[in-house]
Every structure is written in C-alpha cells, then in structure tokens.
Amino acid sequence: MNQFKWTPDFWQGWRESDNPYRKYKSERDRQLVLELLDLHQDERVLEVGCGYGWVSQALWEAAEIRWFGVDQAAEMIHHLRRIPSHASAPAAMADAVRLPFQDGTFDKVLCTGVLMHVAESELAARELVRVLRPGGRLVCSINNALSPYALPVQLWNRRKRGFVQKFRYPRSFRELLAGAGMRLGDIRGDGIAATVPINIGRFQFPPSGLFPYVQRLDEWAANRWPCLAYEVWFTGVKIVHPCAS
C-alpha cells in the first residue's frame, strides 16, 4: 500500500474531472458556498483548507472581499498563487487545529471538504468558531455517517495508508457547534447518489450513462432528506453573549 498524500495535481484532477458525477459535485460545492456565505463587499473571509483555489476563485469573483486562506500543504499555496489575478494572495500554511489568528478576527469563515480529513476534527471545529467574530457566519461541511455510501467508502479507504476520512453523525456535529457558541440554521445535503461514483476495476456505480437521471433524482431527494446526503453542510451565526457586551 502506498502512503497517501494530498497534492494539487490530485485535487485538480478530481475537481476538474470529465466524470459527470465529480463535475456535478465540484460545481455544486461552489454554488452552495456562495449561497450559504452570502458575501458582501469588504468582509473579512477566512477559507480554511483553501487548496489550490478551486472554491477560492469563486469567492474572489463573487464580491470584493478581504480574503485570507490557509492550507496545511505548501504545494497547495504555491499552486493557488499561480492564478494570475492572485499571485500575491494572502494565503499561508497552517493547521486547522491551530489557526494563527486572534479571536473574532473574521466576519465569515468557510471550511468545506476539510474536517473529514482532519484527525482532530473537533478541535478544528472549535478553532473555526474561535476566529469568527460575534454575529459572524460560519459555513462548514462533514462527511455523513448516515449516508448509504459511508460504509462502502470507509471499507474502500482502508487500503490507503495514511489517509483520513472520517464520517460523523449530523446531530452530534450540530451539538458540537452549538456547544462552541453557534446558533445554527437548517442543514443542507450535498448529494445522495450523484456525488461519489465508486470504481471497482472497470466498473463504475452509478454508471456515467445514467447521470442525467441520477442527478434529477438526487436533487429531489437531497432537498427532502439532507440527513442522507454524503456531505452535510452547516451554516450558523456566532452568538453574542451578554457578558461580552
């Protein structure tokens, strides 16, 4: 077994794949981020796990924000700065469990597709809340232990040495964020069947040829039963405690 390592080439290959299911997932991530963050001019926005800039670029194009990005991999930061308009983007290496910012620094904090790959995900979640100002908005996501894909994906990942992909129950994660000081809104489901195709040899499930039908069914189901989605998104506002005013 090979030691697993995140690289810009891996993520770019995944995000910008011709596979219709991966393409759908990648574009839906961008759409959900913009919808849930509700960006406004001059807001201080932190993206934790910015990677090579797939979601970052959507943020930059949506509003004139004061964006900051962190990622654990220097390769990701280097690749992000290859985008001509953001060669000097304020991004830095940092661990999600020890963010290098003071309490209440940001108006909005985004962390999607990251916490499931952090061994100390509860510490990381509390860090996201810590650096958010009172009244600020948090958008983050987890892999869902209630998803029909959770068990087969976990079994498949056992062959990848050094790979972390945790699945959590939405209720327990909601309680964690609430305990950290967040007032949470409704959860959103990011795909039930049309998110992660499983490849075994030359066989793929669901098959690419069925994508248009799976997509329509998936959108209908995910909107009604987000608790079954492969990835669940949480949005919340940090509570202003009376003792802090």
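Biologist: What is the volume of the largest cavity?

Modeller: The largest cavity has a volume of about 40 Å³, taken as the space filled by probe spheres set on grid points joined across faces, edges and corners. The model is predicted, so local features need pLDDT of at least 70, side-chain atom pairs count only at pLDDT 80 or more, and totals for chains, interfaces and linings use all residues. Residues are numbered from 1 along each chain as its sequence is written, and side-chain values use heavy atoms, without hydrogens and water.

Biologist: How many cavities of 30 Å³ or more does the search find, and which residues line the largest?

Modeller: One cavity of 30 Å³ or more turns up in the whole structure. A cavity is a set of points on a 1 Å grid over the protein atoms alone where a 1.4 Å probe fits but cannot get out; lining residues have an atom within 4 Å of a point. Leu115, Met116, Ser121, Ile142, Asn143, Lys166, Arg168 and Phe173 line the largest one. Four of the lining residues are nonpolar, two are polar and two are charged.

Biologist: What makes Tyr21 and Phe211 an edge-to-face pair?

Modeller: Their ring centres lie 5.1 Å apart, with 90 degrees between the planes. Tyr21 sits in helix H2 (residues 20-37) and Phe211 in helix H8, 190 residues apart. Tyr21, Tyr24 and Phe211 form one aromatic cluster.

Biologist: Why is Tyr21 called buried?

Modeller: Tyr21 has a relative accessible area of 0%. Buried means under 20%, exposed over 50%, and partly exposed in between, using a 1.4 Å probe and protein chains only. Tyr21 is therefore buried. Phe211 is buried too, because its relative accessible area is 12%.

Biologist: Why is Trp220 called partly exposed?

Modeller: Trp220 has a relative accessible area of 42%, so the label is partly exposed. Trp225 has 41% and is therefore partly exposed as well. Trp220 and Trp225 also form an edge-to-face pair, 5.3 Å centre to centre, with 80 degrees between the planes. The whole structure has nine aromatic pairs.

Biologist: Which residues have the most contacts inside the largest nonpolar core?

Modeller: Val48, Val109, Leu128, Leu138, Cys140, Phe173 and Leu177 do, in a core of 33 residues. A nonpolar core joins buried Ala, Val, Leu, Ile, Met, Phe, Trp, Tyr and Cys residues through side-chain atoms within 4.5 Å. A second, separate core of 25 residues includes Leu36, Ala73, Met76 and Ala91.

Technical notes
1 Å grid on protein atoms, 1.4 Å probe; cavity = no way out; pocket = protein on both sides within 12 Å on 5 of 7 lines; lining within 4 Å. Nonpolar A, V, L, I, M, F, W, Y, C, P; charged D, E, K, R; others polar. Phe/Tyr/Trp six-rings, centres within 6.5 Å; stacked < 30°, edge-to-face > 60°. Helix = DSSP H or I, 4+ residues; strand = E, 2+ residues; numbered from the N terminus.
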